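I opened a new model today and kept notes as I went. Here is what I looked up.

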Amino acid sequence: MADEKKMPPMGPNGAPPQGGPGMPPNGMGGPEAQSKYSRGKYANTGRGGGRGGRGGGRGGPRVNEKPKDGKTTFFRLMRYVTHDKLKLAIVFFLVVFASVSSVGATYVTRPMVNTLSTLREHPENIRKILLLLGLMAGVHIANTAATYIQGRIMARIALNGSNKLRSELFDKMQSLPISYFDAHPHGELMSRFTNDADSVQMCLEQSFRSLISSALTLISVVSMMVMLGRWPLLLVTAGTLAVTTLVVRQRGKKSQFYFRAEHATLGELNGNIQEMIEGLKVVKAFTHEEAAVAEFNELNEAYFQAAHMGNYYGMSIMPFTANINNIGYAVTAMVGGILTVFGRMDVGALVTYMNYSRQVAMPVNQVSQQMNMIYSALAGAERIFQMIDLEPEVDEGKVTMVNAEELEDGTYVETDHRTGKWAWKVPMSDDRFAMVPVKGLVKVDHIDFSYVPEKKILKGVDVYAKPGQKIALVGSTGAGKTTIANLINRFYEIDSGSITYDGIDVRDIKKDSLRSATAVVLQDTHLFEGTVMENIRYGRLDATDEECIEAAKLANAHSFVRRLPDGYNTMVTNDGANLSQGERQLLAIARATVAEPPVLVLDEATSSIDTRTERLIEKGLDTLMEGRTVFVIAHRLSTVRNSNCIVVIEHGEIQEKGDHNELLDLKGRYYMLYTGQIILD
Ligand SMILES: Nc1ncnc2c1ncn2[C@@H]1O[C@H](COP(=O)(O)OP(=O)(O)OP(=O)(O)O)[C@@H](O)[C@H]1O
Ligand SMILES: [Mg+2]
């Protein structure tokens with residue numbers, strides 16, 4: 001994740017960089033980019049699947065969605081900044097002060113010019129002029145101070161707001177069911193934390209302040225002009241303003257289009273870079289470097305084109321408006337001159353009016369620029385709120401698992417220290433609790449399950465594990481073995497049937513407790529950035545160093561860890577890229593071991609480990625597993641031979657069940673697998 005910071009420089013043409021410091025707009029790919037580059041393995045909700053094959057739809061730049069319900073999103077977003085009312089009030093006051101005072105300061109020109117013209121007859125008026133000059137300087141200094149202070153305060157408020165938004169988003173992410181992550185590209189989710197949250201922050205920080213200030217400036221400048229000017233002058237100004245607005249709108253629309261395209265293409269570019277870095281070995285192994293470079297160049301070119309066009313239109317606004325303004329200025333001077341000559345206006349008023357006519361187009365320009373940001377921020381906020389509003393994983397469980405002590409009469413009582421014994425604390429109707437010893441009796445009873453409604457994965461599966469038994473699940477690739485493991489842990493909800501722990505339905509057990517009761521070594525190991533020791537301790541955060549080392553010994557990881565440059569303090573980087581696949585698995589087993597769970601699930605946990613080491617681990621685990629229930633999923637049948645029960649699953653159905661000898665006697669599928677008459681997969 002930290003690597004994104006090193007991604008290419010971003011920040012579109014002078015326009016406010018949407019990506020925030022060092023972050024690309026559209027971060028690691030917004031929805032657009034991710035739909036192509038990191039579409040979820042099981043994206044099946046009709047989202048994100050939009051684009052066809054590679055390169056499809058790259059004809060023209062695609063454009064970010066606009067916020068669908070901008071108003072609601074806007075007001076909801078405001079709630080993140082309005083809690084500190086005092087600070088906001090100060091900002092508002094300062095913005096008003098800054099806008100109005102700068103318009104007011106310009107007005108001082110009028111008495112000054114008028115006094116100047118009387119200087120010859122009344123030299124003593126120089127004092128008045130000096131006074132006015134001083135006043136003007138004072139107002140400008142105060143104005144600068146006000147702008148600086150409101151900027152600082154607002155930056156802080158915006159940062160607080162976006163931080164709150166991010167942490168709400170993160171909290172929600174932790175509470176979402178796994179199925180959500182199956183269906184959504186991870187890059188897209190990430191872009192909510194980076195790109196979307198950043199654009200919201202930028203917008204909170206700048207846009208609203210700037211909008212208020214622009215509106216006030218426009219109103220006060222126009223009122224001053226109306227006060228000072230005569231109708232012919234006002235007509236000239238109105239005409240100039242109308243033309244400026246038209247140009248700004250027309251050019252602005254175009255630049256906005258390309259500006260968004262720039263974000264989208266940049267997202268694609270980042271997605272490509274990310275994919276290529278991760279898949280570098282595969283690219284090289286299949287000698288696709290040239291194709292990779294070509295694809296990169298194509299994306300880079302698309303980005304360049306979009307950025308170039310965005311720049312072109314964005315940059316062309318200023319010269320256009322400046323010229324229109326100059327023409328307007330000249331016409332104003334001419335018309336104003338005539339009016340002054342005919343005594344309809346004093347010279348001071350004319351000079352002041354002309355100054356205002358210079359200022360009046362500014363707010364129009366500013367608003368058009370800010371609208372880009374606001375649209376982008378609202379669209380970002382909408383995506384963030386969408387996720388915040390998702391239903392969290394259901395957890396209506398009331399039963400918890402607690403440390404317990406066994407009394408002489410065999411009953412269990414709760415205790416606050418670790419005893420190595422556990423009890424299910426089951427709430428009764430009368431505010432009391434029943435203590436049920438945790439034994440590790442797991443019963444999977446006739447379950448049906450499907451990840452997506454139309455495709456049934458498990459059909460009427462029954463698996464029964466008595467405490468301390470080792471149950472093996474074998475079967476071909478895609479048979480549904482990992483799925484059963486996922487269900488024991490309640491990562492997904494079953495469609496029908498039941499799963500019970502010591503007679504208690506898993507749906508009644510609080511998920512935290514259920515998952516503490518079951519340690520899983522997943523098929524695809526994941527290690528975190530940190531030391532080897534920290535990675536092992538992840539299994540149980542209060543484990544001491546000695547306990548972690550003991551676990552490593554049981555998992556047979558100790559000998560390789562000792563040989564690492566810093567032993568247990570060696571840093572694991574990049575999901576364990578500096579370790580071998582088997583070493584990663586050993587650490588994952590150590591992690592599960594240190595948790596000392598009543599139930600252990602090993603999903604292909606030793607698939608990358610040599611048979612000798614595997615046997616050593618098995619010995620270690622046998623010690624650990626006394627009195628615990630273990631589910632082992634393995635392709636290597638030698639690993640499962642000593643299991644109490646071997647369950648053969650094919651296409652989500654149980655075909656055979658029994659111990660090694662029974663199954664051999666049966667002369668069915670297991671027999672054929674074992675004797676090599678059929679090969680798994
Ligand atoms: N998250 C998911 N969403 C939708 N379908 C899934 C998901 N995970 C697995 N499947 C499908 O469920 C079926 C069973 O998958 P499972 O991972 O349980 O197989 P397995 O027996 O563990 O295979 P392997 O030996 O390759 O690990 C497969 O057809 C797979 O395509
Ligand atoms: Mg599997």
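My entries follow, one topic at a time.

**Ground rules.** I am working with a predicted model, where local features need pLDDT of at least 70, side-chain atom pairs count only at pLDDT 80 or more, and totals for chains, interfaces and linings use all residues. Residues are numbered from 1 along each chain as its sequence is written, chains are lettered from A and ligands numbered from 1 in the order in which they are written, and side-chain values use heavy atoms, with hydrogens and water left out.

**Helix α11.** I looked up its length first. Helices (H or I, at least four residues) and strands (E, at least two) are DSSP runs, numbered from the N terminus. Helix α11 covers residues 347–359, which is 13 residues. The expected span is 1.5 Å times one less than the number of residues.

Next I checked burial. Buried means under 20% relative accessible area, exposed over 50%, and partly exposed in between (1.4 Å probe, protein chains only). The buried residues of α11 include Gly348, Thr352, Tyr353 and Tyr356.

What does Thr109 touch, leaving aside neighbours within four places in sequence? I found Met136, Val351, Thr352 and Asn355 (contact means heavy atoms within 4.5 Å). Thr109 is in helix α4, residues 109–116. Thr109 is buried, because its relative accessibility is 9%.

Thr237 sits in helix α8, residues 231–278. Thr237 also counts as buried, at 9% relative accessibility. Not counting residues up to four places away in sequence, Thr237 touches Met225, Tyr353 and Val360. The side chains of Thr237 and Tyr353 make a polar contact at 2.7 Å. A polar contact is a pair of N or O atoms within 3.5 Å; within protein, one must be able to donate a hydrogen and the other to accept it, and residues adjacent in sequence count only if both atoms are side-chain atoms.

**Magnesium.** Which residues coordinate the magnesium ion (ligand 2)? I noted Thr482 (OG1) and Gln523 (OE1), at 1.9 to 2.3 Å. The two are 41 residues apart: Thr482 is in helix α13, and Gln523 is in the loop between β10 and β11. Donors are N, O and S atoms within 2.8 Å of the metal (3.2 Å for Na, K and Ca); water is not among the atoms, so sites may look incomplete. Thr482 is partly exposed at 28%, and Gln523 is partly exposed at 39%.

**Cysteines.** I searched the whole structure and found zero disulfides (pairs of cysteine sulfur atoms within 2.5 Å). Cys203 is buried at 0% relative accessible area.
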